[in-house]
Amino acid sequence: MSELKVFTTVKEMQAYAAAQKQAGKTIGLCPTMGALHEGHMTLMRAARQACDIVIASVFVNPVQFGPNEDYDKYPRQFEADCAKLAAEGVDAVFHPEPAEMYPDGYGTYITVENGITDVLCGARRPGHFRGVATVVTKLMNITRADKAFFGQKDAQQVAVVRRFVADLNLPVEVVMVPICREASGLARSSRNAYMSEAEKQAALVLSRSLRAAKEAYAGGERQAAALKAAVQQVLATEPLARVDYVDLYTYPALQVTDSVSEPCLLAIAVYIGQTRLIDNIILGE
Ligand code: AMP
């Protein structure tokens, strides 16, 4: 296994990507914000399987955080991240400073304007998907990715990325990797580190609530209102949980629907104490 290469400048990253392309290699990109966990590793493994060269990015992107969000306290542990990436056989990691990505005079942003960023996390986090679309476009360009890997954990993000990749004719295949969970059912997330043990226990209510909806669906329930109510009912049993949203939309178009007659995303965002967690299932696939 070759050693993990670390690049902090756009120029170095571009030179590496150009050399790989020149040698006829396919490149897989896994964008992350670091504080890597097993969920991220499922992306790396999918990329390792599908591509000759795997490039991870570790960049806490300031542009996708709102003014009152957790940009400053977001966990940063780059050395530990590198050890995990090396153990998975990742070829290179791109780890720029914010000023490298957004130098003085920077002025170009990508916005998806067909409505899919107006719901779910897009509605609660104004500007979030503009920041995501901008940084992912830049990362795809810098790494010359043939394929890019994203988690279903952030299913709306996948829908947004697929949209701008298609709209801007970017030559990148977007791959969605299933949600990786702890044995308890808790979806793995860098933000889980914010929670106390008691809060982590309370957080199990998210996956439990989605399981209730999945069972209702398996039992024949198709009405959006009833499926959402099944989730709400379980969430209401946990005193530490404060619901941000429980919503159901067609997927990936994210259109309002009364019933599940095509693939639909049942997505939730719930505060456990100060920590905002998201989780989802796709029904009707
Ligand atoms: P983040 O570092 O949180 O921005 O996540 C980077 C990528 O890893 C995104 O595409 C996420 O959807 C994906 N990811 C994070 N957590 C999980 C998980 N539990 N299962 C699958 N993918 C995940």
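Hi everyone, let me begin with a term we will need: a crossing of two helices is called left-handed if the near helix is turned anticlockwise from the far one by less than a right angle, and right-handed if the turn is clockwise. Keep that in mind while you look at the structure, which is a predicted model.

Two packed helices are described by the angle between their axes and the distance between the axes. Our pair is α6, residues 128–143, and α7, residues 155–167. Their axes are 10 Å apart and they pack at an angle of about 55°. What do we call that arrangement of α6 and α7? Angles from 65 to 115 degrees would count as roughly perpendicular and those under 35 as roughly parallel, so α6 and α7 are oblique to each other. As for the handedness, α6 passes α7 in a right-handed crossing.

Now, on to the ligand. How many residues surround the ligand? There are 17, and the closest are Met33, His40, Asp154, Cys180 and Arg188. Sorted by class, this shell holds eight nonpolar residues, six polar ones and three charged ones.

In Asp154, a side-chain N or O atom sits 2.6 Å from an oxygen atom of the ligand. Gly151 takes part through its backbone, with an N or O atom 2.9 Å from a ligand oxygen. How much of the ligand does the protein bury? On its own the ligand exposes 480 Å², and the protein buries 93% of that.

Which elements give two or more residues to this shell? They are β2 (27–32), α2 (38–50) and β5 (147–151). The biggest contributor is α2, with three residues.

Most residues other than glycine have a negative phi, and most peptide bonds are trans. Ala35, in the loop between β2 and α2, has a positive phi, near 50°. Further along, Tyr251 and Pro252 are joined by a cis peptide bond, with omega about 10°. You can find Pro252 in the loop between β7 (241–250) and β8 (264–272).

Notes
Residues are numbered from 1 along each chain as its sequence is written. This is a predicted model: local features need pLDDT of at least 70, side-chain atom pairs count only at pLDDT 80 or more; totals for chains, interfaces and linings use all residues. Side-chain values use heavy atoms; hydrogens and water are left out. A residue is near a molecule or strand if one of its heavy atoms lies within 4 Å of it. A polar contact is a pair of N or O atoms within 3.5 Å; within protein, one must be able to donate a hydrogen and the other to accept it, and residues adjacent in sequence count only if both atoms are side-chain atoms. Accessible areas come from the Shrake-Rupley method with a 1.4 Å probe; for residues, only the protein chains shown count as cover. Helices (H or I, at least four residues) and strands (E, at least two) are DSSP runs, numbered from the N terminus. Ala, Val, Leu, Ile, Met, Phe, Trp, Tyr, Cys and Pro count as nonpolar, Asp, Glu, Lys and Arg as charged, and the others, Gly among them, as polar. Axes are lines fitted to C-alpha atoms, for helices over the stretch in contact, and angles run from 0 to 180 degrees between N-to-C directions. Angles under 35 degrees count as roughly parallel, over 145 as roughly antiparallel, 65 to 115 as roughly perpendicular and the rest as oblique.
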